[in-house]
Amino acid sequence: MKYKTMLMYAEIGCFVSCLCGWILVCSTLPTEYWTFSEVGSIVMTTSNYYSNLWRDCISDTTGVSDCKDYPSMLALPAFLHACRALAVCAVITGFFGGVLTLIGMKCTKIGGSEIANARLTLAGGITYLASGICGMITYSWWANRVITEFLDPNFRAQKYELGAAVFVGWGGSVLLLSGGTVLTYLSGKEGLPHSSSNRSRRPVPYATAQTQKTYMLPLTSSRITLGPQLFYEGRKSQQSRVATETTATFSRDDFV
């Protein structure tokens with residue numbers, strides 16, 4: 001009973017961790033601060049450039065900001081399309097992972113038997129892992145692209161730095177991966193059948209006089225009996241032993 005209670009609390013903790021990570025990942029999509037760059041001019045104004053997966057924005061010290069969506073989807077590089085697809089997959093898989101985990105948890109008691117609930121929780125944990133992997137690939141790929149362009153001396157276009165949304169996405173992806181891993185491990189121990197339990201026990205083989213030879217214990221001077229004989233001799237051998245014991249005679253001179 002105590003083990004099931006601890007397992008229930010562990011599932012709740014993993015679910016809260018994954019839910020917080022999913023919320024953090026979702027919050028980075030509408031945020032413009034994936035990359036930013038600050039450019040100073042001769043006058044006393046400074047322009048801030050920042051962008052995300054969907055648009056470019058600019059603002060100055062007067063507080064005026066302007067955002068513009070990317071003009072053509074087909075003209076965008078394949079890198080940006082891949083990051084968009086992975087980010088959307090992270091959000092969708094995280095949503096379905098939360099639904100499956102919420103149904104299969106022990107504290108909700110929505111599903112059927114304990115094994116069915118454990119398998120639902122296992123499916124939710126795997127889905128959370130997929131969401132965390134998609135998010136981690138998205139933010140790491142974006143950060144690698146920005147850092148490579150910033151450190152490249154031959155890159156002549158405007159250089160950007162990492163924004164706050166990338167770090168928030170990294171944190172959310174770590175929460176998804178850690179919670180999904182523990183949730184998958186705990187539910188997999190209960191939901192998946194073990195090979196040792198399904199293995200049929202074979203009967204212990206034993207030998208008989210018809211299939212094996214007759215083994216006899218060696219004659220020793222000790223009176224300690226090691227154990228009963230495993231195999232019985234035939235009737236003919238027993239009768240011959242009795243006959244030899246009865247026919248053996250001794251004379252008086254033998255004892256002198």
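How many cavities of 30 Å³ or more does the count give? The count comes to 1 cavity of 30 Å³ or more, a cavity being a set of points, on a 1 Å grid over the protein atoms alone, where a 1.4 Å probe fits but cannot get out. The structure is a predicted model, in which local features need pLDDT of at least 70 and side-chain atom pairs count only at pLDDT 80 or more, whereas totals for chains, interfaces and linings use all residues. Residues are numbered from 1 along each chain as its sequence is written, and side-chain values use heavy atoms, with hydrogens and water left out.

The protein chain contains 6 helices and 5 strands, taken as DSSP runs numbered from the N terminus (helices, H or I, at least four residues; strands, E, at least two). From the N terminus on, the elements follow the order α-β-β-β-β-α-α-β-α-α-α. Of the 256 residues in the protein chain, 27% are buried (under 20% relative accessible area, with exposed over 50% and partly exposed in between; 1.4 Å probe, protein chains only). Among contacts (heavy atoms within 4.5 Å) with a separation of 6 or more, 62% are between residues 24 or more positions apart.

The largest cavity holds about 30 Å³ of space, where a volume is the space filled by probe spheres set on the grid points, which are joined across faces, edges and corners. Its lining, defined by an atom within 4 Å of a point, is formed by Glu11, Gly104, Lys106, Glu114, Asn117, Ala118, Thr121 and Glu190. Helix α3 contributes the largest share of this lining, 4 residues. By class, 1 residue of the cavity lining is nonpolar, 3 are polar and 4 are charged (Ala, Val, Leu, Ile, Met, Phe, Trp, Tyr, Cys and Pro count as nonpolar; Asp, Glu, Lys and Arg as charged; the others, Gly among them, as polar).

The largest pocket (an open set of points with protein on both sides within 12 Å along at least five of seven lines) has a volume of about 390 Å³. It is lined by 19 residues, of which Ser51, Phe79, Trp142, Glu149 and Tyr160 are the closest to its centre. Two or more lining residues are given by each of α2 (78-104) and α3 (114-151), and α3 gives the most, with 5 residues. The pocket lining comprises 11 nonpolar, 4 polar and 4 charged residues.

In soluble globular proteins, nonpolar side chains tend to be buried together.

A search of the whole structure finds 1 disulfide (a pair of cysteine sulfur atoms within 2.5 Å). The bond joins Cys57 and Cys67, with the sulfur atoms 2.0 Å apart, and is right-handed, with 110° about the S-S bond. Cys57 belongs to strand β3 (residues 55-59) and Cys67 to strand β4 (residues 65-69), 10 residues apart. Cys57 is buried at a relative accessible area of 3%, whereas Cys67 is partly exposed at 39%. Cys14 is in no disulfide, the nearest cysteine sulfur, that of Cys18, being 6.5 Å away; Cys14 is buried, at 7% relative accessibility. Cys89 is likewise in no disulfide, with the nearest cysteine sulfur, that of Cys134, 5.3 Å away, and is partly exposed, with a relative accessible area of 37%.
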